[in-house]
Amino acid sequence: AMWALHAPLPALYVTLGMTALAGWVACDGTAVGAVVGVLTAVGGPAIELALVNVLPALTGAELYRYNDADWHGIDSWIPLVYFFGAPAVGGLGRWTSAKLRGRV
């Protein structure tokens, strides 16, 4: 909603950063969870950069794009969203591991 209302980027960064941090504290709070958060926040945008920039250069096909991208074809705030989603990634990983071990 803030992006749609054209909120200043610093306000968006602060709001999303605080929300991501609060989500990590509330839903995980572990050092491993923080590492997963950082890796997710780096890996997700890296894949998006490839989808937006490399794939079209190789294939000529634009399969993915942001409407108002402000950084190399992606939104500069998207790593914070990925970090916020990391506790879900960690939870899914723990569940999958338990399932494979027959504990679920």
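I started at Glu-48, whose side chain makes a polar contact of 2.5 Å with the side chain of Tyr-66. I am working from a predicted model.

I placed Glu-48 next: this residue sits in helix H2. Is Glu-48 buried or exposed? I found Glu-48 buried, yet without a salt bridge. I looked for the nearest side chain of opposite charge and got Arg-65, 13 Å away. I then listed what Glu-48 touches, leaving out residues up to four places away in sequence. The list is Tyr-64, Tyr-66, Ile-74, Ile-78 and Tyr-82.

Ile-78 took me to helix H3, where this residue is among the buried ones. I noted the others as Phe-83, Ala-86, Pro-87, Gly-90 and Ala-98. Which helices do the buried residues of H3 pack against? I get helix H1 (9-27) and helix H2 (31-59).

Residues 78-100 make 23 residues, and the helix reaches 32 Å from its first C-alpha to its last. That is close to the 33 Å expected at 1.5 Å a residue. Where does H3 bend? I put the bend at Gly-85, at about 35 degrees. A proline, Pro-87, follows within four residues. After H3 comes Gly-102, with a positive phi near 75 degrees.

Last, I went back to helix H2 for Thr-59. I have Thr-59 as partly exposed, because its relative accessible area is 48%, and exposed would need over 50%. A polar atom of the Thr-59 side chain lies 3.1 Å from the backbone nitrogen of Ala-61.

Terms used: Residues numbered from 1 in each chain as written. Predicted model: local features only at pLDDT ≥ 70, side-chain atom pairs only at ≥ 80, totals over all residues. Heavy atoms only, no water. Helix = DSSP H or I, 4+ residues; strand = E, 2+ residues; numbered from the N terminus. Expected span 1.5 Å × (residues − 1). Bend = angle between axes of the 7 residues up to and from the residue. Buried < 20%, exposed > 50% of the residue type's maximum accessible area, 1.4 Å probe, protein only. Contact = heavy atoms within 4.5 Å. Lys, Arg positive; Asp, Glu negative; His and termini not counted. Salt bridge = Lys/Arg side-chain N within 4 Å of Asp/Glu carboxyl O. Polar contact = N/O pair within 3.5 Å; in protein donor to acceptor, adjacent residues only side chain to side chain.
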